[in-house]
Amino acid sequence: MKNMDTAVATRGRPREFDADDALAAALRVFWTRGYEGASLSELTEAMGITRPSLYACFGNKEALFKKALDLYETEKMAYMQTALDAPTARGVAERLLHGALANQASSCDPKGCLGVISSVACGAEAEAIKAEVVARRASSMAALVQRFEQAKADGDLPDGVEPEALAHYLIALLQGLSVQAGTGMCCDNLGRMVDTALAMWPGR
């Protein structure tokens, strides 16, 4: 019986629920509802476990969210890292924008970006979560700025283009794409946004 999973785990025997499946379910709740909007009751119901089991396996709500964010970055945002390996700055932008577009076009996942949804949370409960998301975004931004600095040093970007400003511009495009998707914009229009952004990309 699932209601016995915590007691069973306490005695050193295997839990009677799959932790990976439970975490994936929690991710979908956070992705759909945001950190503040996701109640513990909603989370435990979606995960198919009791509240004591959640605490025993994942920690508190904040710890659960961080684990869900790790899963989100690993499974849904993997294109962010591979994009940096593109041979040109434009190629980086193409991989990032098309990767984000593919995510929003998926019929299996909620729309919008978990990081964007959580970074605009404003309640006192969410301050630590907002700080966590902002810190992770800063790390991604630093990597993108470094990649564009290398592109400029290689002569791949015009002299007048500032790598940091270009990185902020691209991140703003990605965030805008997720916001528009979250408000119901169709995939065709999202695709046109991507095409327009790439058409305006600075080049020699």
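Me: Is C186 buried, exposed or partly exposed?
Reply: C186 counts as partly exposed, because its relative accessibility is 37%; here buried means under 20% relative accessible area, exposed over 50%, and partly exposed in between, with a 1.4 Å probe and protein chains only. This is a predicted model, in which local features need pLDDT of at least 70 and side-chain atom pairs count only at pLDDT 80 or more, while totals for chains, interfaces and linings use all residues. Residues are numbered from 1 along each chain as its sequence is written, and side-chain values use heavy atoms, with hydrogens and water left out.

Me: How many disulfides, then?
Reply: The count is 0 disulfides, a disulfide being a pair of cysteine sulfur atoms within 2.5 Å. The closest cysteine sulfur to that of C186 belongs to C187 and is 7.0 Å away, which is too far for a bond.

Me: Switching topic, how many salt bridges does the structure hold?
Reply: There are 6 salt bridges, where the term requires a side-chain nitrogen of Lys or Arg within 4 Å of a carboxyl oxygen of Asp or Glu. One of them joins the side chains of D70 and R136, at 2.8 Å from N to O.

Me: Which helices do D70 and R136 lie in?
Reply: D70 lies in helix α5 (residues 61-75) and R136 in helix α9 (residues 127-153), so the pair ties together parts that are 66 residues apart in sequence; helices here are DSSP runs of H or I with at least four residues, numbered from the N terminus. R136 counts as buried at 18% relative accessibility, whereas D70 is partly exposed at 37%.

Me: Which residues are linked with them in a network?
Reply: D70, E73, E132 and R136 are linked in a network of salt bridges.

Terms used. Helices (H or I, at least four residues) and strands (E, at least two) are DSSP runs, numbered from the N terminus.
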